[in-house]
Amino acid sequence: MGGVEELVVLPGTVRARTPQETWEALSGRLPEFGITRVADLTGLDCVGLPVFTAIRPASLTLSTSQGKGATPLLAKLSAVMEAIELWHVEQPLPVAAVGPAAEVAPGCPVAALPMTVPYPERALSRMVWEWAAGTSLVSGAKVLLPVDLVRRRGQRPQWTPDVLRASSTGLACGNSRAEALLHGLFEVVERDVLHRDGQAGGRLRTLIDPRTVDDPHGGEVIARLAAAGMALEVAMVDGPYGLPVCVAYLWSEDYPVVFAGGGCHSVPEIALTRAVTEAAQSRLTAIAGTRDDLPGDPGSFDTPPFHPAQTAGLAPWTAATDRFTPPGGGFADQVTAVAQQVAHVTGHEPAALDLSAPGCPVHAVQVLCPGTRSRIRRSMPR
């Protein structure tokens, strides 16, 4: 996957370039991706955590993309990168083959792919799909994957069966291909672990005392929420992948809606701040009211009184995270390690479709992991 990359460690994230370098590469090319405006939403809320939105009026999916970060520039880049992800997934994918899996891609585990409803493997292997060329993230072998795992229903030919469920899980943009792949894998792991926890009724969670978080950036985020009068609940969620996964819930009297966020990263502190800031971003997105898929009826939001699930016996942050070892190597090494662990858990090699347009200053991929699952509903059950 290329040579060793230098890791740029930033508050709440790790990248292959500095934010200034990334913005310099992207800022003059936003119209190429249909981005007409980038707006600062931070001042619409009392929390003060930076949140931006990138707007694409001609989008075929969502016309607004939100982003958060430790600084305004990081939040702006987060919004822009998410918008560029969606632009890439809207573009036609080159079709490498057409036919049933039994003939075109006999090695593809079709029964382990995300489905709209369950189908028997024998029937799936005979369905005719269009296939795109991807790459295994363990062996590096070329593989074929159904285009409908990426292409939305409205973009599919009328003859294709409405069987495969396309989602944004694993869709990622990065300064390098390896950076994008790693973040796509983290998202797949996060959503699969939270799905497993949902199936287990939340019994895989360890509730954390937010006051014990000793990470400077994480502590600053939690302090800002407390100063704004927010009630916060955070938990580590156990999963089979050996990676830190966090979930966070946010509530306040001034806007009594429960907002949730999830995060996964090899660094526990980054997983935590991703979950917490995602919850804060979701709140601000609802306040702004600009996202296409927000419900039109305010009463459709989840607005129960917020009672902490547990107030005594919360785990200290260090006790809940000391089992995790720091990641080793660069982005490519971490991609290999995480992909191998996913393959060990699911029995299927993760693969990726490269979506990057020629000459694009960043890399866009969709990571697909047969055997993993994610929630269908927007909400994260508490």
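Which element supplies the largest share of the lining of the second largest pocket? Select β15, residues 363-368: this strand gives three residues, the largest share of that lining.

Before going on, note that this is a predicted model, in which local features need pLDDT of at least 70, side-chain atom pairs count only at pLDDT 80 or more, and totals for chains, interfaces and linings use all residues. Residues are numbered from 1 along each chain as its sequence is written, and side-chain values use heavy atoms, with hydrogens and water left out. Helices (H or I, at least four residues) and strands (E, at least two) are DSSP runs, numbered from the N terminus.

**Stop 1: the second largest pocket**

On a 1 Å grid over the protein atoms alone, a pocket is an open set of points with protein on both sides within 12 Å along at least five of seven lines, a cavity is a set where a 1.4 Å probe fits but cannot get out, and lining residues have an atom within 4 Å of a point. The volume of the second largest pocket is about 500 Å³, where volume is the space filled by probe spheres set on the points, and grid points are joined across faces, edges and corners. Its lining has 15 nonpolar, eight polar and three charged residues. Here Ala, Val, Leu, Ile, Met, Phe, Trp, Tyr, Cys and Pro count as nonpolar, Asp, Glu, Lys and Arg as charged, and the others, Gly among them, as polar. Besides β15, helix α5 (177-199) supplies at least two lining residues.

**Stop 2**

Axes are lines fitted to C-alpha atoms, for helices over the stretch in contact, and angles run from 0 to 180 degrees between N-to-C directions. Angles under 35 degrees count as roughly parallel, over 145 as roughly antiparallel, 65 to 115 as roughly perpendicular and the rest as oblique. For contact (heavy atoms within 4.5 Å), select residues including Leu181, Leu185 and Val189 of α5 and Val335, Val338 and Val342 of α9. This contact divides into 13 nonpolar, one polar and two charged residues.

**Stop 3: the largest cavity**

How many cavities of 30 Å³ or more does a search of the whole structure find? There is one. The largest cavity has a volume of about 50 Å³. Select Leu49, Pro50, Val51, Lys68, Gly69, Ala70, His217, Val221, Thr277, Ala280 and Gln281 to show its lining. Two or more of these residues come from each of α6 (216-227) and α7 (268-288), and α7 gives the most, with three. By class, the cavity lining has six nonpolar, four polar and one charged residues.

**Stop 4: α6 against α7**

Now show α6 and α7 whole. They pack at about 25°, with axes 9 Å apart, which means that α6 is roughly parallel to α7. In contact are His217, Gly218, Val221, Ile222 and Leu225 of α6 with Leu272, Thr273, Val276 and Thr277 of α7. These comprise five nonpolar, four polar and no charged residues.

**Stop 5: α1 against α2**

Finally, select α1 (residues 19-26) and α2 (residues 72-90), whose axes come within 10 Å and cross at roughly 45°. That angle makes α1 oblique to α2. Among the contact residues are Trp23 and Leu26 of α1, and Leu77, Val80 and Ile84 of α2. Nine nonpolar, two polar and one charged residues form this contact.
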